[in-house]
Amino acid sequence: MPMNKVVHAAQRAAFSAAIDVTINAVRGKGTEKLSENAVKLVNLAEPLLKDRYPASAFDAARKFVSDPNGKWMQYAYRAINEIDPHVLKMNALNLVYEGMFSGYNYVCELRKKYDCNMPWILLFDPTSACNLHCKGCWAAEYGNRLNLTYEELDKLVTEGEELGIHWYMCTGGEPMCRKNDLLKLAAKHQSSVFHLFTNGTLIDDAFCEEVKKVGNMAFFLSVEGLDDATDSRRGEGVFQRVMNAMDIMKKHGLLFGTSICYTSANYKAVTSDEFMDMLISHGVRFNWYFHYMPIGDGANVDLMLNPEQREYMIQRVREIRGFTGGKQIFCIDFQNDGEYIDGCIAGGRQYAHINPNGDVEPCVFIHYSGANIHDKSLLECLQQPLFKEYHKGQPFNGNHLRPCPMLENPQILGDMVRRSGAHSTDMQQPESPEDVFRRCRPYATSWMPTADRLWAEKHPGYVDPENPESANSCASCASCAACSAHQE
């Protein structure tokens, strides 16, 4: 059973009060006040997480927040003064306390109980509809054919909260096509957060006022670079509409960042000082970077980065978010930050994806499934054979710069799909894992030497205990028997 309800209510109330005190004490009072109150929050969190982290971790956290002149304390101070207090509180309370502390502790219990992956984040697509027709996006061709009803969304979140899941990300399609239902969902489920990946073009003042009322929402706006780069893919004038949306959200004190797909064509533009400064000026707090994935029949493999370009991304993102220097904007590069999360987080290990047809997929980029929320409970879907294969196989490579079972270890995806009996859920047309393998294998082979060199520089003599011969595995070899079998 989850934590006793009385204990949970008392802890939530304590965190809620601490957040209120911090916001009220810090706004307009200077970073010294922020440091003082941040130490109190670390002290409050320590008893809840003492079984998960050593005392030294909390000592390090206290030391980090004790420097009022530090880059990230200045970043936090600016956010506290610029973000609406209710929005800031609800996201902090639900994401940090419910999601990372209370909920995650229960998620860990369930992993042991059911001997399977159990996520603490769920992505779901409320609709396949979109108001734009971006190049390379299946939504432009598929249109408004699939929708999860409000009742289905409510059931999904209700079941998720019972499993300790309190962080929900809405993708699509364009989730803002269902903005009224999502506002209703957020209003009902006030112990969770709802973060929308959006093109931003449907955001207006009236919507922002409603978001401030519910509080527990945030946004990731899609951009490809500056005006020409965005408009060339998304349509004439879209870049300016996105900038206008950012300005409206900044005026209302909403919490938002960007979702950036980087490619061989834009990787330097979307990490440039000019681009960072522009985003910060419009109120952006964080950048989520996603490596271009060659998904679907129309995938353009020329947009995949070569080894030199990917190495540049690794170094540049870490430079931007460094403790000193860089920029006051938090960046995550999911493909290249596997080192900090022990490789692939999909298949329910940390997150899972539900498409607008109700198929529960291991990843937003991997379109195979053996379970649907229309037929099974969320828990049963998380126990499907494909997710069990993920559970057995993760991490898929001892070098966490090669984390993905599709992009860097493409033979593994096919093996898991075949063993589990999962089927293709691609929205345009079914795609065999053999097709995915042929598309990704050249990339995996070319990236391997650079990835291994970079990994060895930081982990000399490292041997993956789960796979001591990983350096000679199929993902690293262009001519082994397994690869030859896949080519037949």
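At what angle do helix α8 (residues 179-188) and helix α9 (residues 205-214) pack? In this predicted model, local features need pLDDT of at least 70 and side-chain atom pairs count only at pLDDT 80 or more, whereas totals for chains, interfaces and linings use all residues. Residues are numbered from 1 along each chain as its sequence is written, and side-chain values use heavy atoms, with hydrogens and water left out.

The two helices pack at an angle of about 15°, and their axes are 9 Å apart; axes here are lines fitted to C-alpha atoms, for helices over the stretch in contact, and angles run from 0 to 180 degrees between N-to-C directions. Helices (H or I, at least four residues) and strands (E, at least two) are DSSP runs, numbered from the N terminus. Helices α8 and α9 are therefore roughly parallel to each other, given that angles under 35 degrees count as roughly parallel, over 145 as roughly antiparallel, 65 to 115 as roughly perpendicular and the rest as oblique. Their crossing is left-handed, a term that applies if the near helix is turned anticlockwise from the far one by less than a right angle, with right-handed used if clockwise. Lys179, Leu183, Ala186 and Ala187 of α8 make the contact with Phe207, Glu210, Val211 and Val214 of α9, where contact means heavy atoms within 4.5 Å. These residues divide into 6 nonpolar, no polar and 2 charged (Ala, Val, Leu, Ile, Met, Phe, Trp, Tyr, Cys and Pro count as nonpolar, Asp, Glu, Lys and Arg as charged, and the others, Gly among them, as polar).

On the α13 side the contact is made by Pro307, Arg310, Glu311, Ile314, Gln315 and Arg318, and on the α17 side by Tyr443, Ser446, Trp447, Thr450, Arg453, Leu454 and Lys458. The residues of this contact comprise 5 nonpolar, 3 polar and 5 charged.

The largest nonpolar core has 136 residues, such a core being a set of buried Ala, Val, Leu, Ile, Met, Phe, Trp, Tyr and Cys residues joined through side-chain atoms within 4.5 Å. Buried means under 20% relative accessible area, exposed over 50% and partly exposed in between (1.4 Å probe, protein chains only). Phe124, Met217, Phe219, Tyr289 and Tyr390 have the most contacts inside this core, to which helix α5 (residues 85-114) gives the most, with 10 residues. With residues up to four places away in sequence not counted, the residues that Phe124 touches include Leu153, Tyr168, Leu182 and Ile354.

The loop between α5 and β1 holds Trp120, which counts as buried at 14% relative accessibility. Asp115 lies in that loop between α5 and β1 (121-124) but counts as exposed, at 51% relative accessibility.

Backbone geometry was also examined. Most residues other than glycine have a negative phi, and most peptide bonds are trans. Asp115, although not a glycine, has a positive phi of about 50°, and Asp342, also not a glycine, has a positive phi of about 60°. The peptide bond from Gly172 to Gly173 is cis, with omega near 15°, and a cis peptide bond with omega of about -5° joins Gln394 and Pro395.
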